[in-house]
Amino acid sequence: MATLARLQARSSFIENQYYFRNSVVDAFRKKENCAAVKIQSWFRGCQVRAYIRHLHRVAIIIQKWWRGYLSRKLYQLKVEVAYYTMKMDLYNAMAVRIQSRWRAHKVRKYCFNYFYYKQYLRAVSEANETIREILQEYAESQESEEKKAKLEREEKRREEDTRKTHYLLSTKQIPGIYNSPFRKEPDPWELRLQKAKPLVPRRRRVQQEHCPELTAWLACTSVRSFPRPDGLPPITTKPCQGPFRNINEVLEQRYKPLEPTLRAAQPVDELKRAREEFRRQERVRNISDKMFLPFSSHHKKENYMPSLLSSSKYNPGSCRKQDFRSENPRRWVCDKDFQTIFPSIDLFAKYGKSYSKAGQIV
Amino acid sequence: NSGIISLLRPLLLDVVPTIQQTAALALGRLANYSDDLAEAVVKGDILPQLVYSLAEQNRFYKKAAAFVLRAVGKHSPQRAQAIVDCGALDALVMCLEDFDPGVKEAAAWALGCISRHNAELSQAVVDVGAVPLLVLCVQEPEVALKRIASSALGDISKHSPELAQTAVDAGAIAHLAQMILNPDAKLKHQVLSALGQIAKHSVDLAEMVVEAEIFPVVLTCLKDKDEYVKKSACTLIREIAKHTPELSQLIVNTGGVAAVTDCIGTCRGNVRLPGIMMLGYVAAHSENLAMAVIISKGVPQLSICLSEEPEDHIKAATAWALGQIGRHTSEHARAVAVTNTLPVLLSLYMSAGSSEDLQMKCKKAIKSILQKCTYLPALEPFLYDAPPNILKHVLGQFSKVLPHDSEARRLFVTSGGLKKVQEIQAEPGSLLQEYINSINNCYPEEVVRYYSPGYSDTLLQRVESYQPLTN
């Protein structure tokens, strides 16, 4: 029990000591705690950071590989497309070259061929030149021909004048007017008069007889026996004309046998003859020569003289009438008219009823 | 007027044939003189008597009777119809079968005068069977008969293609074509005009005429001394050329264009007109043919015609022909512009004395040439005196050429064209303004401002308002 007392005496000291030692340690404890916490948090932080770094590294690797993979895929596509476009560009360029060459060729050969055009125009101008030359020559030849013809006409006229005035030629006794003695040499007209042949007065040709008719011509049917007029024609008629046709054609044409048209085959006075013929036939046919003029003798009191043919008792009227019904209806046996089975001819039904009464003078 | 017709009428029935003939001749001369006398002859019932006695009389009477019919029929269609109505055509056709060439000539002349007026009368003449007989007459040796028969054929064929076809079916073309070489001038004139009347209706007929091998013989007729032969030859060539490009090509290949151009050069007046129209038709078909006309020296000749001729219708035809030549490409327009015809055309268009037809044709020609013309020296005079509707075409051409040609731009400025362009007033938004803008865009701005009107005034204003730097 001493210890207890001692302890109890020391208890307050122990209490205090206990308290002080705990509180000091508490102070230290806090500091140490904080320090420990700091150290731990720092260390944990390092750990986590290391872990995160590790994770980052790994994630980067994964992402890197993944992205590489995707890009490579894309890159393949791009390469394909680029290759394709490159090839197509090449083809297009080549096609453009071909097309441009072809179009140039086509236009130059078929649509507008410049060289052909130039050649054509040159040919046309050459043709023009030729034609102009030909026409020029033609015009000149025409002119020269005309001049020549004019000169010839003049010459001929002078010839004629000379021949007409041939009597002015000088004779031995009397010098002519163109050969005056006061001249040194005779006038050229004088020389011309000497050379000219005097004109013979033209004898009139005998009038030809009237040519025979066509019927006489038709009688001679041989090819060469074409009739000629009386007397041969003069030898120097017209100057020869040329260029000539083929002689066979000419002879064929000239000696063609006559093929007159229907109208020309008739004689010229056919109409008159036909009328004569017609009158002759009428004279034969007609009983009386007097022309029939209706009612001409109406006002005259002439008795009608029947012709011999119709004035006998054996007249044609009596021979057949008895068989038929009489015309007087009062002498009929019955009242009615005959009835025909078939319809009569209308014209005969109207006989005696609706004909004109021209024959009977009312 | 003094009852002469009724006095002459019984003389036609006289016993003595000479009196009949002389009476007929007198009636013919009276009817020939004027239309009223012809009407009196028709009214006096003389025609049936003549027709009746035509059948049976001798050749002098037939000639005189045919002369009367011709004299009556030539005045007007009514008289000709009166002649047809009294049955004269059959009698005339019978005369055509006669042996005497004088009778044939008189009958053919009468038929020609009747059929000249209109198509019905021609049809009546054809129906009575005159055409084969006329073709036979053409082959006769007498030149006068050939002349009349070919003129009658021409008169019949000129009205319609069917009538021309009738003449062709009777074989007229070959015989007419043979006579082109005949030396007689009047005959050539009639033959060529008859062929022209046949060829003008359709392509087939023209081809048939060409097949008769008239080229290049017809071109020698262009050098003939007689004016009418030249004119009818040009007419024939024109009628053939106007149908198709192939026919024109044929004519060009035989050198026809050169011959016609020379022919135009030697003629004056109305005789030139068919030749000018022929050049126009040939050039109108295609640009190759137009170029062929140009190298045959057609354009200088046409411009001479344009300046020389006094008559408006010939000038109108020349303007039309020039328009047809120049409208194809710029080469053609240049060829026309080089000969200085454009100012002449413009003056004709602007002058008040020209007829409407001439003005219209000049305007069309100028327009069509200007739309293709790139020859700037010829266009510049137009800037000064052209009316606005033509001016816009001119400016359009400038606006096409100037952006590409620096030499032309320089010339344009130095010749005063740019200055003139600035002076032109146009409504904003119109075509004219657009062209002016495009021309102005070819030049740097200072140049444009320099040449704009009133620039000197603005400069002076700037001088006035300028304050010099005072130190």
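**Serine first, then chain A**

Reply: S122(B) is buried, with 0% relative accessibility; buried means under 20% relative accessible area with a 1.4 Å probe, protein chains only. Bear in mind that this is a predicted model, where local features need pLDDT of at least 70 and side-chain atom pairs count only at pLDDT 80 or more. Residues are numbered from 1 along each chain as its sequence is written.

Me: Which helix is S122(B) in?

Reply: Helix α9 of chain B, residues 119-127. Helices here are DSSP runs (H or I, at least four residues), numbered from the N terminus.

Me: And what is S122(B) in contact with, beyond neighbours within four places in sequence?

Reply: S115(B), D155(B), I156(B), H159(B) and L163(B), where contact means heavy atoms within 4.5 Å.

Me: How far is the backbone oxygen of S115(B) from a polar atom of the S122(B) side chain?

Reply: The two are 2.9 Å apart.

Me: Switching to chain A: how many helices and strands?

Reply: Chain A has 9 helices and 0 strands. Of its 362 residues, 6% are buried.

Me: Where does I14(A) sit, and is I14(A) buried or partly exposed?

Reply: I14(A) belongs to helix α1 of chain A, residues 2-111. I14(A) has a relative accessible area of 37%, so it counts as partly exposed, the class between buried and exposed (over 50%).

Definitions and conventions. Chains lettered and ligands numbered in written order. Heavy atoms only, no water. Helix = DSSP H or I, 4+ residues; strand = E, 2+ residues; numbered from the N terminus. Polar contact = N/O pair within 3.5 Å; in protein donor to acceptor, adjacent residues only side chain to side chain.
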